Amino acid sequence: MTSTQTPGTPPVPSASPAPPHGAGDRRRWFALAIVMTAAFMDLVDVTIVNIAIPSIQAGEGASVSQIQWITAGYALAFAAGLITGGRLGDIHGRKRVFMVGIGGFTLASALCGLAAGPEMLVAARILQGAMAALMVPQVLSIVHATFPAHERGKVFGLFGAIVGLGAVSGPLLGALLTEWNLFGLEWRPIFLINLPVGIAGLVLGSRFITESRAPRALRLDLVGVALVTLGMLMLVYPLTRGEELGWPLWGYASMAGSLVVLAVLVAYERRKSARDGSPLVELSLFRVKSFAAGIAVQTVFGVALGIFFLVWTLYMQVGLGWTPLRAGLTGVPFSIAVSVAAGVSVQVLVPRFGRKVLQAGALVMAAGVLLYIWESGHYGLGIASWQMALPLAVMGVGMGLIVAPLTDAVLSQVPREHAGAASGLINTVQQMGNALGLGLVSVVFFGAMGDHLDPAGLGPAYADAFRNALGWVAAVLAVIFLLMFALPRRPAQHVEDAAAGEEPAAEAADKEPALT
């Protein structure tokens, strides 16, 4: 099972001189192992949480909005800090910021594991997302600064394998740790497992990672970060609390006010760009039709994933009464299908058929969702894991056809000098889409259930709400299909960038599967 969040891919790193060959070669591979382990730790932590959400809800008495914020809070903090995290590394040194990030991520993991209640867990998850935003953008930047161009293909191949391994192993590891109930800690080991890994990364990273900075680093745009965060909070918070509070007037006012904050952000970013050329959001990118459409696709796709993965977990474990392990194993066909289809999509299909592959992916994924709705209604609460395998595999194939080539299609007409800003923005909006989708769970899932359900009615209510939520996911995928008509028919090959030694980093950053 995959999680609702995507590990953020950093902006394309700025060029830095390659290190000398010879004696430093072995140290480079140690450094690679350390940063890849950190990336794996972040990805597993994202994918491991969903499977434990029902256990957290039952064990801690978490409310509906709190279980949404356990995932949405991470996504929002991660999204808000991604671009700034990359710039901090360029300015102050990627090793230094990476070490702060991995140290803070480890501390936040400990706070999550030791949380005394759902409020503390939500706060610790927000801190964890913020620290991930410092750590993750440095991974490919360090690789790019450490390895010469001719070695990067091999390195980014390893990175892709780590991403795939994390996507598959995270949910299973979460299921096992929750099921085993180690030392009577119930769900807490899913966070505490990060402690020895993080401490080892701190010790070894200080020794083997070489410091690097960008030759001309952009300035920070903290006002832009504050405006983005405020706007998203004003939109997502009322969505997550609205159902519980009876949709008060202030919630509608807050959501309307978020549009005002967005308008202020656009005006400020325009001035910031004219003043020092270091805006958080490079507004000129939106004049590129394919980029503007691609940003819309990434955002809406994030919404679909945010809705699906949380309600899927709740449906299996609360509605059907399955154990975390059974739920985790049920998601394996999905993860495998995504990985296989993603590889075939990039290597075989997109070079031949271009944009049609992505559109086919949206339709195939929607067909899998509709098949899942039918099976859930047909088999009812007696549905078996093997009966879910077909719709999940179909959905996985559709998602795999989209996630791997999408960013390349979005970036194909972006000027080379803006590739880094564009790739960072793509990942940011997808994370924000995830957060918005998680907020909408209150509307499309919990809003479809009646109040004060008795135990006998809990399973049918969750199953009905699951099918209602999937109907919304199918509708969103139809919108994505239409938006994709604005993407270029055939993504450019970035020949100029590849010749300059920049493309491997861009490809690795851009084609990281959006498995959450």
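Modeller: I begin with Trp 247, which is found in the loop between helix H8 (222–245) and H9; helices (H or I, at least four residues) and strands (E, at least two) are DSSP runs, numbered from the N terminus. Trp 247 has a positive phi of about 50° although it is not a glycine.

Colleague: Is Trp 247 buried, partly exposed or exposed?

Modeller: Trp 247 counts as partly exposed because its relative accessibility is 27%. Here buried means under 20% relative accessible area, exposed over 50%, and partly exposed in between, with a 1.4 Å probe and protein chains only.

Colleague: What is the phi of Phe 183, and where is its place?

Modeller: Phe 183, likewise not a glycine, has a positive phi of about 55°. It belongs to the loop between helix H5 (149–180) and helix H6 (189–192). With 80% relative accessibility, Phe 183 counts as exposed.

Colleague: Before we go further, what kind of model is this?

Modeller: This is a predicted model, in which local features need pLDDT of at least 70 and side-chain atom pairs count only at pLDDT 80 or more, whereas totals for chains, interfaces and linings use all residues. Residues are numbered from 1 along each chain as its sequence is written, and side-chain values use heavy atoms, with hydrogens and water left out.

Colleague: What pLDDT does the protein average?

Modeller: The average pLDDT (the predictor's confidence in each residue, from 0 to 100) is 83, and 86% of the residues score at least 70. Over residues 2–24, however, the pLDDT is below 50, and this stretch has 97 contacts in the model beyond near neighbours in sequence. Contact means heavy atoms within 4.5 Å. The pLDDT also stays under 50 over residues 494–516, where the model has 69 contacts beyond four places in sequence.

Colleague: How many helices and strands does the protein have?

Modeller: There are 18 helices and zero strands. Of the 516 residues, 58% count as buried. Among contacts with a separation of 6 or more, 85% come from residues 24 or more positions apart.

Colleague: Which residues touch the most other members of the largest nonpolar core?

Modeller: Phe 291, Tyr 372 and Phe 445 do, in a core of 106 residues. Such a core is a set of buried Ala, Val, Leu, Ile, Met, Phe, Trp, Tyr and Cys residues joined through side-chain atoms within 4.5 Å. Helix H10 (residues 289–319) gives the most to this core, with 16 residues. Apart from it lies another core, of 31 residues, including Ile 34, Met 131, Leu 134 and Phe 147.

Colleague: And what is Phe 291 in contact with?

Modeller: Setting aside neighbours within four places in sequence, Phe 291 contacts Leu 285, Phe 286, Val 410, Val 414, Ala 422, Leu 425 and Ile 426.

Colleague: Staying with helix H10, where does Ala 304 reach in space?

Modeller: Ala 304 lies in helix H10 and is buried, with a relative accessible area of 1%. Beyond neighbours within four places, Ala 304 is in contact with Val 473 and Val 476.

Colleague: How many aromatic pairs are there?

Modeller: The whole structure holds 19, where rings of Phe, Tyr and Trp (its six-membered ring) pair if their centres lie within 6.5 Å, with planes under 30 degrees apart stacked, over 60 edge-to-face and the rest tilted. One of them joins Phe 309 and Phe 334, whose centres are 5.7 Å apart and whose planes are at 80°, so the pair is edge-to-face. Phe 309 is in helix H10 and Phe 334 in helix H12 (residues 332–353), so the pair ties together parts that are 25 residues apart in sequence. Phe 309 is buried at 0% relative accessibility, and Phe 334 is buried with a relative accessible area of 0%.

Colleague: Why is the pair of Trp 312 and Phe 334 tilted?

Modeller: Because the planes of Trp 312 and Phe 334 are at 55°, with ring centres 6.1 Å apart, the pair is tilted. Both Trp 312 and Phe 334 are buried. Ring pairs link Phe 308, Phe 309, Trp 312 and Phe 334 into a cluster.

Colleague: Last topic: where does the charged end of Arg 326 sit?

Modeller: It sits over the ring of Trp 322, 3.9 Å from the centre; the criterion is NZ of Lys or CZ of Arg within 6 Å of the ring centre and within 35 degrees of the ring normal. Arg 28 lies over the face of Phe 147, at 5.2 Å from the ring centre.
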